[in-house]
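Hi,

Here is the structure I promised to pass on.

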Amino acid sequence: MNKLKQFITARRVSLGLILLLAGLMYLSTIIPQVIDSAPENIEAWRRGHSGLAGLVDVCHLHSIYAQPWFAAIILFAALALGVSSYDQLVVVRKKVVSTGVASADELAAGIPEQLLRSVAGCHHYRFLSAGGDGQLKFGRCPWGYYGNLLLHTGLALVITVSLYVALTYRQGALILVEGEQRDGRQPWNVSEQGLLATPLKLPGVIRLDRVRVRFDDKKQPVEVFSDLSIGTASGQFKTLSASINRIQNYHGMRIYHSAQYGNAFSVTITDTNGVVHTETISAQQPVSLTKAGYSDEFRVSWSPYLLSAKYFADADKKTMSSANPELVLRLTQGNREIARTTLTKERPGTLGEYRVQLSGVARWSKLIFVENSGMPLVFSGFAIIMLGGLLQYLTPPRELIGIRQPDGRYHVYWKALSFREFFMEERDGMTAELKKGVA
Amino acid sequence: MKLSLELYVAANWAAVVIYILATIANVTGVLFKKEPWERAGYLIAGAGLVLHSAVITVWWVEVGHGPYMAPNEVLSSDSWMVMACFLVFLKIYPRIRPVSILAFPATFLMLGLSLFYNPGIRTLPATFRSIWLVIHIGLYKISLATLIIAFAFSLFYLLKARRDSGWLRQLPPLETLDVYGYRFAGFGFIFWTIGMLAGSIWAHQSWGRFWGWDPTETWSLITCLMFGAYLHLRRFFRLKGSAAAWFFIACFIISLVSLFGMATLSSSIHSEYFR
């Protein structure tokens, strides 16, 4: 057991773990990851690195962070940090009371106790302990002893709980247009969950009643509210308003308003045979009157080309909350534009061989529903890391130790537990005062 | 108070000129042991900082967001933070005086470079309106400033270890350079880490996830781990001297890649500010 503990807390193992994790993260930045790369980008990378593709597949390097072996490394790191934190606690408790002077500088000899106490007090050294044989220990910034301990404890806590959160979280996103309603039987627009979690389900019916955007005097969107009605088990509807950076809680889930919102345009398309098609195109809110908001490019059933759109908030370029936005539709094939037209409510257009008309405008927004537990512990870990780091590097402890001699006077020693060079003036000042006091 | 674009650019150039004058005076004072020149350098730098602060504040009010939404604003505030941190740390640790040889030119070069970017007004997305974003960015800027100080000590160490003659004799002894480099690297590490955690809290508040493995986040964590390895090596493996200085310089380069390289090369929420 002791050997295992020694292995886990070995300095070389800790260093190896840090470098291994840094190396894996570096790999994730040069090998495209499923989590943040489009499938076509991954395919392109594989074609360009065909020699490596086999190795990448064997080790699952396209999704490093979702691998059980990565979780095992993280868990091992947390365990090492936890055990090392316990060891440090034992060391710190010894350090606080220790009057050892092995690596200390001798400041003066033959110092009376009263002078020692007075000089210590003048330099903000507080009395810490008295040894059985008359030794006295004073310390400045004694809380600095706990810096490393707290730093490592916080890291262990954050890593452990983050791993738990990553394995058990569930979330789903809904993209809703005003008036649209969803229930738990319908799929999310996007959803994901941890390895140990089942997919999240909506607890009832949810309807987006209205999206409200508040603009400042520079015509920039400042706040976005999505007013929701959520069906309860009793058949009643409860209303709540989701907003960016203001989290709503509902049935153990947290509802986030994403930064994706804007106008959803209903467009009717008439082809050369007179067949009418309807599309709803959601485009991102423009950031100003002169800049457009864009939609994704998507396939449609009535054309071999891809359709995309952009819009300006106001056809007259006067107000950001206009009821008359200007919509630009585009048909493309690869990088080539096949056709383009500009529409307003009053102005239909022609998109290649199609007649198009803007038949309605509503607002849309994307809402994210998250269910996880453990976040308060993660944030507590953050606080412990911050405290530990600040104590460790901003307040290194210093010790003033008096060793009583047979004549009742003291040999005085001083040491800084780290960054000794920074406190030479402090040490020299105390030395001068002690010697002056004796003289 | 209204600040036109022309006045904003002119005031920034004025700050650049003042910082250059401060550099000439201060570096002359430090290298040739002329105290009045050195003191004059600090005074001129202080005056430049006052003007620079005023420009940043008025622009902040004017555009409605802090100096973090465009390359121009980012570099300007970075240079402000380097000078401000240097002057504050100088009060606390007078032995960092020679760092001005590197910190002062870094300040005017960054501010000058910022003026080659279009200083237009950028809009602030609604998700960016969070106090955690300001804390997140502010801490990274403090971290960069302290890392530049640590970088100066590492560089001085390597130069002085090779040839201790000429102006290098004005620098503190090697042991002092080594320990100061170590401690400022520690400051940089801790501000970097806390900045990263503040970003994580902001992400949780805005998107419901506290970590997303986006390229800048990943590089930031790599940087944090590399500084962790550096501090670990120094504390437990007694790494010091030239080896420590070279290791730190490698970590410093990685930190620059995280702050500026990834913002330019990758596409994510973190690259918004460098477009």
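**What I found**

I'll start with a spot in chain B: helix 6 of chain B gives the largest share of the lining of the second largest cavity, four residues. Please keep in mind throughout that this is a predicted model.

That cavity holds about 50 Å³ of space, and the structure has four cavities of 30 Å³ or more. Helix 5 (131-162), helix 6 (174-207), helix 7 (215-236) and helix 8 (241-265) of chain B are the elements that each give two or more residues to the lining of the second largest cavity. If you want to click on the residues, the lining is made up of Phe153(B), Ser154(B), Tyr157(B), Leu177(B), Asp178(B), Gly181(B), Tyr182(B), Tyr230(B), Arg234(B), Ala244(B) and Ala245(B). Sorted by class, that lining has seven nonpolar, two polar and two charged residues.

Staying with chain B for a moment, the chain splits into domain 1 (1-121) and domain 2 (125-275). The C-alpha centres of these two domains of chain B are 20 Å apart. Across the boundary, 26 residues of domain 1 of chain B touch 32 residues of domain 2 of chain B.

Now for chain A. The secondary structure here amounts to nine helices and 21 strands. With a radius of gyration of 33 Å, well over the 22 Å that the globule rule gives for 439 residues, chain A is more spread out than a compact globule. Along the principal axes, the C-alpha atoms of chain A fill a box of roughly 115 × 55 × 50 Å. Of the 439 residues in chain A, 49% are buried. As for contacts in chain A between residues at least 6 apart in sequence, 57% of them join residues at least 24 apart.

The domain assignment for chain A lists three domains: domain 1 (98-141 + 396-439), domain 2 (170-261 + 367-380) and domain 3 (262-363). Between the C-alpha centres of domain 1 of chain A and domain 3 of chain A there are 79 Å.

So where does the lining of the second largest pocket come from? Domain 2 and domain 3 of chain A each put in at least three residues. This pocket has about 300 Å³ of space. It is lined by 19 residues, and the closest to its centre are Asn263(A), Ser321(A), Ser322(A), Ala323(A) and Arg363(A). Strand 7 (206-215) and strand 19 (354-371) of chain A each supply at least two lining residues, and strand 7 of chain A has the largest share, with five. By class, the pocket lining comes to ten nonpolar, four polar and five charged residues.

Is Asn324(A) buried or exposed? With a relative accessible area of 17%, Asn324(A) counts as buried, because the cut-off for buried is under 20%. Setting aside neighbours within four places in sequence, Asn324(A) is in contact with Ala313(A), Asp314(A), Ala315(A) and Asp316(A), and also with Thr344(A), Lys345(A) and Glu346(A). For a sense of scale, Leu202(A) is 122 residues away from Asn324(A) along the chain, and their C-alpha atoms are separated by 35 Å.

Cheers

Conventions:
Residues are numbered from 1 along each chain as its sequence is written. Chains are lettered from A and ligands numbered from 1 in the order in which they are written. This is a predicted model: local features need pLDDT of at least 70, side-chain atom pairs count only at pLDDT 80 or more; totals for chains, interfaces and linings use all residues. Side-chain values use heavy atoms; hydrogens and water are left out. On a 1 Å grid over the protein atoms alone, a cavity is a set of points where a 1.4 Å probe fits but cannot get out, and a pocket is an open set with protein on both sides within 12 Å along at least five of seven lines; lining residues have an atom within 4 Å of a point. Grid points are joined across faces, edges and corners, and a volume is the space filled by probe spheres set on the points. Ala, Val, Leu, Ile, Met, Phe, Trp, Tyr, Cys and Pro count as nonpolar, Asp, Glu, Lys and Arg as charged, and the others, Gly among them, as polar. Domain bounds come from an automatic or database domain assignment. The radius of gyration is taken over C-alpha atoms; the globule rule is 2.2 Å times the number of residues to the power 0.38. Buried means under 20% relative accessible area, exposed over 50%, partly exposed in between (1.4 Å probe, protein chains only). Contact means heavy atoms within 4.5 Å.
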